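Dear colleague,

Please find the structure below, handed over for your records. My findings follow directly after it.

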Amino acid sequence: MSDFETITVPERLHGYPGVAFGGYVAGVLAARAAAKSVRVDFRRPVPTGAPVRLTATADGGCELTAGELLLAVASPAEAPPADSPEAPSWERAVAAAEAFRADPPQGQADCFGCGLDRTPATGLRLHCGTVPGRELVAAAWTPAPELGGADGLLPPELVWGALDCPGNAAGRLLDGRGAGAVTAALGARLLRPVPVGEGLVSYAWMLSASGRKYTVGTALATADGELCAVGEALWVEPRPRP
């Protein structure tokens, strides 16, 4: 890319109101980084509907800024661990998502990734529920053609998005975390193109937890269980109110 460019995240691509969906932002930055595996660290919330500046960095990464404020940094990174758990079956992922929708935890936001009122054309619908007998959360979902590019593929930034919200669900359902956590860092490697209009399974598992922070592994697979992308994310809960 050139030394810098200006981008604006549309409001429909929000995670929380007025705050850009972290997985999408990470994917936009990763696409500009000269590496197969990239880690994106968020310093501040990225606004929707406002221009921000994307600048190349000397290490082959890039950074996102608003005026003098650093918002996010993308850096070449080691690939996430290759020993991801086997994806749950399509049927079990469907059941997990249906169970989540039937009894969602309190505090759900109208997120592009996991909002309950999103349609297949207006969001990813990553409604991850627990998978009985396994320490996983998972969701079966099918992206509509409206989310794809002219090539019929899910854009890389939305593949990154499919690795984001499952981490929040893992924290909430597997580790008892509260609502309002944010993605502090997301690293990923994309393994194959992802067509729209076909069934996908997004899933996540806990790796570690300490205080307000927890780390998860995430993955995206086809309905037949072939891995499309793998990731690792750091999440941070909000500070308790006094």
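Tyr-203 has a relative accessibility of 0% and therefore counts as buried. Please note that this value, like those that follow, comes from a predicted model. Tyr-203 forms an aromatic pair with Trp-205. The two ring centres lie 5.6 Å apart and the planes are at 35°, a tilted arrangement. Trp-205 has a relative accessible area of 12%; because the cut-off for buried is under 20%, Trp-205 is buried as well.

The count of aromatic pairs comes to 2. Phe-21 and Phe-112 form a tilted pair, with 5.9 Å from centre to centre and 50° between the planes. This pair links distant parts of the chain, the two residues being 91 residues apart. Phe-21 sits in the loop between strand 3 (19-20) and helix 1 (22-32), whereas Phe-112 sits in the loop between helix 2 and strand 8. Phe-21 counts as buried at 2% relative accessibility, and Phe-112 counts as buried at 1%.

Overall architecture

The protein has 4 helices and 13 strands. Its radius of gyration is 17 Å, close to the 18 Å that the globule rule gives for 242 residues, so the protein is as compact as a globular protein of that length. Along the principal axes, the C-alpha atoms fill a box of roughly 50 × 50 × 35 Å. Of the 242 residues, 48% count as buried. Among contacts with a separation of 6 or more, 69% are between residues 24 or more positions apart.

In soluble globular proteins, nonpolar side chains tend to be buried together. In this model the largest nonpolar core holds 57 residues, of which Val-25, Leu-29, Val-40, Leu-64 and Leu-220 touch the most other members. Helix 1 gives the largest share of this core, 6 residues. Leaving aside residues up to four places away in sequence, the residues touched by Leu-64 include Ile-7, Val-25, Leu-29, Val-46, Val-52 and Arg-53. A second, separate core has 13 residues, including Ala-87, Val-131, Ala-140 and Tyr-203.

The helices

Which residues of helix 1 are buried? They are Gly-22, Gly-23, Tyr-24, Val-25, Ala-26, Gly-27, Val-28, Leu-29 and Ala-30. With 9 of its 11 residues buried, helix 1 is largely enclosed by the rest of the structure. Gly-187 is placed in strand 10 (residues 182-190) and counts as buried at 10% relative accessibility.

Helix 2 (residues 90-102) has 13 residues and reaches 18 Å from its first C-alpha to its last, close to the 18 Å expected at 1.5 Å a residue. Its buried residues are Ala-93, Ala-96, Ala-97 and Phe-100. These cover an arc of only 95° around the axis, which means that they lie on the same side of helix 2. The exposed residues Glu-91 and Ala-102 are carried on the face turned away from that buried side. The cover over the buried residues includes strand 8 (129-130), strand 9 (137-141), helix 4 (165-175) and strand 11 (200-210).

Helix 4 is likewise largely enclosed by the rest of the structure, because 8 of its 11 residues are buried. These are Cys-165, Pro-166, Gly-167, Asn-168, Ala-169, Ala-170, Gly-171 and Arg-172. They pack against strand 2 (14-16), strand 9, helix 3 (156-161), strand 11, strand 12 and strand 13 (227-236). Just after helix 4, Gly-176 takes a positive phi of about 65°.

A buried threonine

Thr-215 lies in strand 12 (residues 213-222) and is buried, with a relative accessible area of 16%. Not counting residues up to four places away in sequence, Thr-215 touches Met-206, Leu-207, Ser-208, Glu-232, Ala-233 and Leu-234.

With kind regards

Note on methods. Residues numbered from 1 in each chain as written. Predicted model: local features only at pLDDT ≥ 70, side-chain atom pairs only at ≥ 80, totals over all residues. Heavy atoms only, no water. Expected span 1.5 Å × (residues − 1). Buried < 20%, exposed > 50% of the residue type's maximum accessible area, 1.4 Å probe, protein only. Arc of directions from axis to C-beta. Contact = heavy atoms within 4.5 Å. Phe/Tyr/Trp six-rings, centres within 6.5 Å; stacked < 30°, edge-to-face > 60°. Core = buried A, V, L, I, M, F, W, Y, C linked by side-chain atoms within 4.5 Å. Rg over C-alpha atoms; globule rule 2.2 N^0.38 Å.
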